[in-house]
Amino acid sequence: MFLSRMIEEKRQYKRFRARTRALPPNYRTTVEALEHYVYYFASARSTNLLPLLDNLTELFEEAAANDMPVRSIVGEDPIEFIEELIRNYAPGEWILKERARLTSAIDSAAHGTGPGSDPR
């Protein structure tokens with residue numbers, strides 16, 4: 001079962017790469033840059049990564065077909081764009097849990113409800 005899943009994931013990845021290579025140069029460059037970023041900050045588990053990459057490519061295929069400018073897809077802040085995409089596809093990602101834990105700890109401290117807090 002593990003081997004068959006691994007083979008299927010490899011096939012999916014090869015399809016993703018082929019679709020990316022078929023994009024016009026400016027779209028391809030953008031997808032490749034976003035993909036590179038995703039490898040650093042998204043889940044290493046292919047069950048999260050492959051759907052994200054597949055949908056990213058689909059988005060850029062549609063944009064290319066409609067001659068939509070790259071900036072109108074990713075906006076002025078491509079990091080914000082890709083971070084939002086990662087949040088939607090990697091709910092088990094450790095970094096997301098840590099971000100939530102940090103936010104919660106700061107909220108608790110700010111409201112005086114955390115461990116050892118002084119409610120003054």
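1. Buried here means under 20% relative accessible area. Bear in mind that this is a predicted model. By that cut-off, the buried residues of helix 5 are Phe 81, Ile 82, Glu 83, Leu 85 and Ile 86.

2. Staying with helix 5, its length checks out: the 12 residues (78–89) should span 16 Å at 1.5 Å a residue, and the end C-alpha atoms sit 17 Å apart, which agrees. Where this helix starts, Asp 77 has a side-chain oxygen within 3.1 Å of the backbone nitrogen of Ile 79.

3. Now for helix 1 and helix 2 (residues 25–41), which pack at about 145° with axes 9 Å apart. Helix 1 puts in Tyr 13, Phe 16, Arg 17, Thr 20 and Arg 21, while helix 2 brings Arg 28, Val 31, Glu 32, Glu 35 and Tyr 39. Sorted by class, that makes four nonpolar, one polar and five charged residues.

4. Have a look at Thr 20, in helix 1 (residues 2–21). Its relative accessible area is 0%, so Thr 20 is buried. Neighbours within four places in sequence aside, Thr 20 touches Arg 28, Val 31, Glu 32 and Thr 57.

5. There are two aromatic pairs. In one of them, the ring centres of Tyr 13 and Phe 16 are 5.7 Å apart with planes at 45°, so the pair is tilted. Both residues belong to helix 1, three residues apart, or about one turn. Tyr 13 is partly exposed at 30%, whereas Phe 16 is buried at 2%.

6. Tyr 27 and Phe 60 also pair up: centres 6.4 Å apart and planes at 70°, so edge-to-face. This pair links distant parts of the chain, with Tyr 27 in helix 2 and Phe 60 in helix 3 (residues 46–65), 33 residues apart. Tyr 27 is buried at 5% relative accessible area, and Phe 60 is buried at 0%.

Terms used:
Residues are numbered from 1 along each chain as its sequence is written. This is a predicted model: local features need pLDDT of at least 70, side-chain atom pairs count only at pLDDT 80 or more; totals for chains, interfaces and linings use all residues. Side-chain values use heavy atoms; hydrogens and water are left out. Helices (H or I, at least four residues) and strands (E, at least two) are DSSP runs, numbered from the N terminus. The expected span of a helix is 1.5 Å times one less than its number of residues. Buried means under 20% relative accessible area, exposed over 50%, partly exposed in between (1.4 Å probe, protein chains only). A polar contact is a pair of N or O atoms within 3.5 Å; within protein, one must be able to donate a hydrogen and the other to accept it, and residues adjacent in sequence count only if both atoms are side-chain atoms. Contact means heavy atoms within 4.5 Å. Axes are lines fitted to C-alpha atoms, for helices over the stretch in contact, and angles run from 0 to 180 degrees between N-to-C directions. Ala, Val, Leu, Ile, Met, Phe, Trp, Tyr, Cys and Pro count as nonpolar, Asp, Glu, Lys and Arg as charged, and the others, Gly among them, as polar. Rings of Phe, Tyr and Trp (its six-membered ring) pair if their centres lie within 6.5 Å; planes under 30 degrees apart count as stacked, over 60 as edge-to-face and the rest as tilted.
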